[in-house]
Amino acid sequence: MGMRRAWIVVLFVVVAALAGCQGEKESGVGDGEGKLRIAVIPKGTTHEFWKSVHAGARDAADELGVEVIWKGPLKEDDREEQIKVVEDFTTQRVDGIVLAPLDDMALRVPVQNAQRGGIPVLIFDSGLKDVDTVSFVATDNFAAGELAGEKMVELLGGQGRVILLRYQEGSASTHEREEGFLEALRAAPGIQVISQEQYAGATTESAQKAGENLIARFREGGAFGADGIFCPNESSTFGMLRALQDAGLAGEVRFVGFDASDKMVQALREGHLDALVVQNPRKMGYLAVKSIVAHIRGEGVEKRIDTGATLVTRENLSDPEIAALVAPVK
Amino acid sequence: MKGFGNVAGLVGAWLGVMLLFSWQVGPSFASLQNLETILRQTAIVGFAAIGMTLVILSGAIDLSIGSLIALVTVVIAFALERGADPMLAVAAGLFVAAVGGTVNGALVTRLRVGSFIVTLGTLLIFRGVAKGLAGEQKIDAPLTWLSELLAAMRPEERWRLLPWGVWLLLLLAALFAWVLRATVFGRRVAAVGSNEEAARISGVAVERVRVTVFAIAGLMAGVAGLMQFSRLTVGDPTVAEGLELDVIAAVVIGGGSLSGGQGSVAGSLIGAIIMATVRAGGSQMGMPNWVQQIATGAIIVLAVAIDRWRQAARAARRREAS
């Protein structure tokens, strides 16, 4: 009996303490009666990219007077965890769900479920197969990949051996960038792709390991057997950059990356990176929330909204518009 | 009767957690739909926890469960993709899981290496096999009735109250609770876990019991893998990484002792439900992930601390009585 009471008391104390500590932070779900509640579900929460998306979503929320609930999967890049988050918001009956699916297949069932329950879903950043949703708000990833490929051809003068370090299987957005990149390289017959079957994996850590392995494989004596490298997202670019820096090869090979973080912009200034293709995640978060609110309020929404991509180099970094794109989000 | 008191205490703790989140999130948290969601999200850990209860009761541990679940999702998707009937795909998945569990048991008994080390090894081996079989990718499989096992129920399906997968969980939990309580095998498992030497001297075939226990744990991981596949609809060799820790936590919250000899299926199941409730509650109140992880961690440590304290109190009472 004493045991039972102790159990309950202890659990109450722990959860109550944590609930209290949560109350002081960002507004939870309970408040904001009458406001539209929009759940925004990113793929993860630690990448700079998602922080910018969050900032854009908040911009839209302030402008439109709606409440944005920001919640990523508890374990980053885990399909099952993201399914749970979608289910939780469905059960809770939010007014709309804005989702960047970790997998183009595995998230179909929970999304269909939400829509069947009358909750509109808008997909952003990365696509979902065979499911009709409010809209798809994303960078045209194939075109962004082509942009990177064209820059690579220009950097190498149309001659050289190129490595493509892919991101992760099942991620639609990065796959399209990789294909766009390869398509642009086909225009230059002097360019030879010497490796395109390696995957960086979900984290910077795994990308760095993949990078180290590639360097070991193509290093012949003192020389490096590759002239150019492309990586299709932030973690793969940064992991590869770390591997190149450790091996003393940074600046020796032409390196085009994707997305931006403080350290990557720094590397661009130092010449360790030659170019970055950046998306506009803030605009993406903003347009995603704005579009689903427009849909809920009965206004028409385009089925496909492109948020654009820009090439950033050391030369155009001082341009204020470019600087705003790569500036860290506070 | 003491087992019953423990379960009642856990149910009380769970009700307390429910009450607290209902107050924080709103009455929707105690709705039938949300209870269904929580039970569906419990199922995968729940199936694996049934097997893990037996393993922990026998004084061993199985760290390979998460990898085995991933392997099963890959095997099922692999078979479906090649046009196999869903029943056949499931049979293949369960067979592989049972073989995996038996391998664990055989290595532990034959090599005389501790189960922690053996299953730490097979954790990597099974994960590697899953990635190899899947060609280091996920496998997309055609949609079949398998993906309905743990899906949210449509309005016209409400007559069955719970999804089939949850019914199966309750059925298997009841079956193994009975096995542990009322069969010779169940008593032998507890005897091996309490004192292996004493069990051996009194004629228990310790090795056979251990292999059977690991095989059952593998099979239950197979069912958990089937449910995982049902939710993902793809074979994912990277899924359920670290899930074995959630499963062990569920068993420990449910009164299982890592030194063996103690544990109940009902307790483990409620342990799993408590963890899923805290997760769903934290998620629905918009609790940041880091707070949620701290809360879950604190609950696990406190549960074990209370368990220790309770055992010490019981030992003291026994001393007084004698």
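**Entry 1: chain A overview**

I began with chain A, in which I counted eleven helices and 14 strands; helices (H or I, at least four residues) and strands (E, at least two) are DSSP runs, numbered from the N terminus. I note that this is a predicted model, in which local features need pLDDT of at least 70, side-chain atom pairs count only at pLDDT 80 or more, and totals for chains, interfaces and linings use all residues. Residues are numbered from 1 along each chain as its sequence is written, while chains are lettered from A and ligands numbered from 1 in the order in which they are written.

I looked up burial next: of the 330 residues of chain A, 53% count as buried. A residue is buried if 20 or more other C-beta atoms, placed from the backbone, lie within 10 Å of its own, exposed if 12 or fewer, and partly exposed in between. I then turned to contacts, which require C-beta atoms, placed from the backbone, within 7 Å. Among the contacts of chain A with a separation of 6 or more, 74% join residues 24 or more positions apart.

**Entry 2: the parallel sheet of chain A**

I traced an open sheet of six strands with parallel pairing, in the order β2-β1-β3-β4-β5-β13 of chain A; two strands pair if DSSP finds at least two bridges between them. At its edges I found β2 and β13 (304-306) of chain A, each with a single partner strand, so one side of each has no neighbour in the sheet. Neighbouring strands are turned by 20° against each other on average, direction ignored; such angles are taken between axes, which are lines fitted to C-alpha atoms (for helices over the stretch in contact), and run from 0 to 180 degrees between N-to-C directions.

I followed the pairings in turn. Strand β1 (residues 37-41) of chain A pairs with β2(A) in the parallel sense over four bridges, and R37(A) stands opposite E67(A) of β2(A). β1(A) also pairs with β3(A), in the parallel sense and over four bridges, with A39(A) opposite I97(A). Strand β3 (residues 96-99) of chain A is joined to β4(A) by three bridges, again parallel; there, L99(A) has I123(A) as its bridge partner. Two bridges link β4(A) in parallel to strand β5 (residues 136-138) of chain A, where F124(A) faces V137(A).

Which residues of β4 (residues 121-124) of chain A are buried on each face? I found V121(A) and I123(A) buried on one side, and L122(A) and F124(A) on the other. In strand β2 (residues 67-70) of chain A, E67(A) and I69(A) point one way, V68(A) and W70(A) the other way, and all are buried.

β1(A), helix α2 (residues 48-64) of chain A and β2(A) form a right-handed β-α-β unit: with the strands pointing away from the viewer, the path from the first strand over the helix to the second runs clockwise. A right-handed β-α-β unit is likewise made by β3(A), helix α4 (residues 108-116) of chain A and β4(A).

**Entry 3: the mixed sheet of chain A**

I then examined an open sheet of six strands with mixed pairing, ordered β7-β6-β10-β11-β12-β14 in chain A. Its edge strands are β7 (191-199) and β14 (309-312) of chain A; each has a single partner strand, so one side of each is left without a neighbour in the sheet. The twist averages 15° from one strand to the next. Strand β6 (residues 160-166) of chain A runs parallel to β7(A), joined by six bridges, and L165(A) stands opposite Q198(A).

**Entry 4: helix α2 of chain B**

Residues up to four places away in sequence aside, A43(B) touches L150(B), G165(B), V166(B), L169(B) and M227(B).

How do the axes of α2(B) and α9(B) cross, and within what distance do they come? I found that they come within 8 Å and cross at roughly 180°. That makes α2(B) roughly antiparallel to α9(B), since angles over 145 degrees count as roughly antiparallel, under 35 as roughly parallel, 65 to 115 as roughly perpendicular and the rest as oblique.

Conventions. Two residues are in contact if their C-beta atoms, placed from the backbone, lie within 7 Å.
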